[in-house]
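Please open the model in a viewer and keep a selection panel at hand.

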Amino acid sequence: MAPRLQLERAAWRWVESVRPEDVTAENIETAYRVLLEGCKRGACRRNCKGNPNCLVGIGEHIWLGEIDENTFHNIDDPNSERRSKNTFVGLTNLGATCYVNTFLQVWFHNLEMRQAIYLCQNSRAEEFAVEDDTDYEPQEICEHLQYLFALLQNSNRRYIDPSGLVKALGLDTGQQQDAQEFSKLFLSLLEDTLSKQKNPNVQNIIQQQFCGQFAYITVCNHCGRESQLLSRFYELELNIQGHKQLSDCVTEFLKEEKLEGDNRYFCENCQSKQNATREIRLLNLPHTLNFQLMRFVFDRQTGHKKKLNTYIGFPEILDMGPFLEKKDEKCVYELNAVLIHRGVSAYSGHYIAHLRDGRTNDWYKFNDEEIEKMEGKKLQLGSEEDIEPSKSQTRKPKCIKGYHSSRNAYMLVYKRQVEEVSHSEPNVQVPDFLQRLVDRDNRKFEEWCHEMAEMRKQSVDKGKAKHEEVKEIYELLPAGDGQAFEFIPLEWLRKWLDDSTVTKPIDNSKFSCCHGKLHPDKIEDVKRISQKAADIFFNRYGGGPRLDNSSLCRECVVERCRVLRLKNQLNEDYKVISNMVKISNNSNQGYWIGKASLRSWRQLALEQLEEEDDELKHTNGKPNGESISVLDAGGAGDKKDDNDDENLNFNEDILCSHGGLCTSENERKLVSNEVWNRLKTYFPKAPEFPARQESCPKCKTLERECEESEALNKMIANDQKMALLNLFQDKNRPSLQKWPTETDHLYIVSLFFVEEWRKFIRRPGRCTPVSSVANGALLCPHGGLMFTYESMSKGDAKHVAVLWPSEWEIINRFFLVDQTIKLSRTTDKPQQDALHIEFQTDPDLCLECREGLLFQQQRDLREYTQATVYIRKIVDNTKIMKDAAPELNVSGSEAEDEREVKIGDNDPDFNQINNGAKRQKLSVPSSGSCTLSSSFISHQKQGIRRSTRHRKVRGEKALIVSANQTLKELKIQIMHAFSVAPFDQNLSVDGRCLTEDSATLGSLGVVPESVIFLKADEPIADYSAMDDVLQVCMPEEGFKGTGLLGH
């Protein structure tokens, strides 16, 4: 089928030869595309929206033919959640709790520890096990661990939810923590909890399983005295930097250390500090030996943790005898678990565990809910692919049989071999009271499986019924030639064929035109079906109104025909009118047309026709033929605003505010009757002004009055300018910083008054005369002055202007003054050859309001939101850095800042012309008001009025900040803008260093428009490391506030 645009053109091609009054029924059917052939299945890949007879590609393919029953539902097989035979149970990852799951699986597979946990006294669980109607909710840590272990052992579920234990520990499920620290804290908490049990085998299980002993041996080099300090350990923390094998790490752990210099040892025998040697000697090793491989270390150069992704080799059988103090003691361990961290960063990644089943010696991979048996000729323990590829990938070393190598293993668990041949792993049974709780949970699981299976069955039965319905009705959908037909929404048909949604009643109301029939442009959204199929749909699903073959709207088709013919005629009329307008009309016959309308009539006509066409597409309930004729020159169809002179219809540019012809003949042109008649075809409602029509008399009267008023204003401005010439030109001005010697009295007026008065003097015809001096704005409510002499000579000088006494007399003559503000100088008699000068104001200063003003000014500087500060990066304290990373969080007003005049050398970051001066943006002033930009005023002594805006330089960026924002948060913004990590930033403002990260910007004295200097200690070349920087922007709290630190 042809594309939709081609179908649209073909449906209305007949309008070129048919006038609106000659439209036939065949034309109407062509416009509604009733005569198009329907598409056959397989002919088009998707539904042809332009063809109402195309009924393929609407979702019918999933129903025609044989259908798999599984497509009728979206419910997974509940048996997939069931534990398979001879497999282990997984644990749900609650967000970022994979590190918890790995250790829980390791401790569960320690059979001695599991047995001891089962033996813990739990009277609450025994009571709940008797009552079948009450759910058991553990409270204590041991209770949670008991129930969790029992479910891991005998649950029918494929995985269980450890949220009860995680919640009891107070862990944040969305925050990944240090796995090694969690292991230490949890075993410490468990040891403390089990010590309260009465059974000695339970009390000491942690020490029996994990606790070993070593001694710090210090030998004095002077006297040879040997001192010994005993210490217990639960794991050996091994440094892996520079090592390739586990044995090398253990050797370094036990190596001799020299105590010299400032680190000398105080010998009790010598009673003085002496050089000595110190080493660690292993005395006793535990039943389960944990090696913590220190992969996560603190990098002093970057200021945050990093992961060491180096390969470490380790054996399946480890002989620890050579490392013991008694070398001849046999101490052989067998590898039992490998804990793995996938990922290159210390702040993200995923934890999994490789565990050996003590009964079968088979290895399994525990990855949260997923548990997989590790099979193959060559077992690869500790080998897992990284989540993200590391840039420093090194080739994995080859390992001999019985050895493995890993770059992600962070903990190795070895279990001591027992010499007795008859010894076997203990057979751990779940206690009866716990087994009853597990059985209760298994029954709930079976009930859930049965419920899911029933829901699947109902969905399948419903799908089969829908399948039969679709096969029955779809064959009836096509309407044959000469058969009765109706129109049905395409979207409704798609939802009817989509089994995932509920089929609603048919709604044809939004496809109706203003005449209550089918809109011609909605034909793409409906499909033509047989009346027999439509009867079935409406009987089963209801809805309306029904649109049959009598719903083809003749009125809409005729109106569309008229609009399209006018569009086709527009280009020809444009050429004719353009040639006729060039012929001068010297007669007194014709019509007045605005020159602006004459220039843009073609665009206005086209927009009006498109708007009428658009009205036909979007019914608004108006009678046929009534349209909105308001069009602006920009092509928008907004309604006219009486106060907006730009949004005008055709010929309204010579329409005055009184509805008559405007007085200015320069804005209009006289055209012939033929030209006007052609234009009238496109703009029937345009204002009509014959050639002999007089201009608006009211406008003539106002024009005369304006000319008289303008002449009066010019006379007033000239008189005031001559009388106050120095004030106007800003010359010979008195200064408060250096009081003039020729007078002891000066007067103060508002600087706003002076600026407004200067505007009037420059443009008396455009600006309103200034009639009064409003000095009350400089006074407080009590009538006192708000400024001191010192403040008016410094910061407050931007609010006031100083006048000579002679100028003040002229001001009083020309203007109405509400309040006189006088500044006097008094000189006392000489005392010790020194003059004592005092300054007084009239009215006097109001101290209370002055203090309030100062307080408010300081408060505004400390309490601001969404203010702009500028960060200027410097190199070697002198050079401005030219190249910076792309800005991510810069001020939205930066574009305005860049429009300021830049003084200096050419900068490619700024668009400049005329030796650095930027082009002024011109705006058309509106009538009756002064719109002269202040940038054109040049009354200062230097001849150029400089902008008070901050002028940015290269290497500087604007940031949006608030007073309550901390310095650390500002550093994070700077990091995004300059790619400089927070710990590499040295910030200063006004010569003060900003160092306290937790302090707010307001307390540090950072005010709006401040320039903060940034000096970077060391640029970060590796931008991929910025991910780690983002992770450490906030201080690490670890397990602070959790139950692991509460015992």
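**First stop: helix 18 and helix 20**

Helix 18 and helix 20 cross in a left-handed sense; a crossing is left-handed if the near helix is turned anticlockwise from the far one by less than a right angle, and right-handed if clockwise. The model is predicted, so local features need pLDDT of at least 70 and side-chain atom pairs count only at pLDDT 80 or more, while totals for chains, interfaces and linings use all residues. Residues are numbered from 1 along each chain as its sequence is written, and side-chain values use heavy atoms, with hydrogens and water left out.

Select residues 697-723 for helix 18 and residues 751-762 for helix 20: their axes are 9 Å apart and the packing angle is about 120°. Helices (H or I, at least four residues) and strands (E, at least two) are DSSP runs numbered from the N terminus. Axes are lines fitted to C-alpha atoms, for helices over the stretch in contact, and angles run from 0 to 180 degrees between N-to-C directions. Helix 18 and helix 20 are therefore oblique to each other; angles under 35 degrees count as roughly parallel, over 145 as roughly antiparallel, 65 to 115 as roughly perpendicular and the rest as oblique.

Next, display side chains at the contact (heavy atoms within 4.5 Å). Asn713, Ile716, Ala717, Gln720 and Lys721 of helix 18 meet Trp757, Phe760 and Ile761 of helix 20. The contact of helix 18 with helix 20 divides into 5 nonpolar, 2 polar and 1 charged residues. Here Ala, Val, Leu, Ile, Met, Phe, Trp, Tyr, Cys and Pro count as nonpolar, Asp, Glu, Lys and Arg as charged, and the others, Gly among them, as polar.

**Second stop: helix 4 and helix 6**

Move to residues 111-118, helix 4, and residues 141-154, helix 6, whose axes come within 9 Å and cross at roughly 125°. Helix 4 passes helix 6 in a left-handed crossing. In helix 4, select Arg114, Ile117 and Tyr118; their counterparts in helix 6 are Leu145, Gln146, Phe149, Ala150 and Gln153. The contact of helix 4 with helix 6 has 5 nonpolar, 2 polar and 1 charged residues.

Which residues are the closest to the centre of the largest cavity? About 90 Å³ of space lies in this cavity, and of its 13 lining residues the closest to the centre are Val106, Asn110, Phe210, Thr288 and Val413. Strand 20 (409-416) is one of the elements that each supply at least two lining residues, and its 3 residues form the largest share. The lining comprises 6 nonpolar, 6 polar and 1 charged residues.

On a 1 Å grid over the protein atoms alone, a cavity is a set of points where a 1.4 Å probe fits but cannot get out, and lining residues have an atom within 4 Å of a point. Grid points are joined across faces, edges and corners, and a volume is the space filled by probe spheres set on the points.

Select Gly544 and Pro545, joined by a cis peptide bond with omega near -10°.

Definitions and conventions:
1 Å grid on protein atoms, 1.4 Å probe; cavity = no way out; pocket = protein on both sides within 12 Å on 5 of 7 lines; lining within 4 Å.
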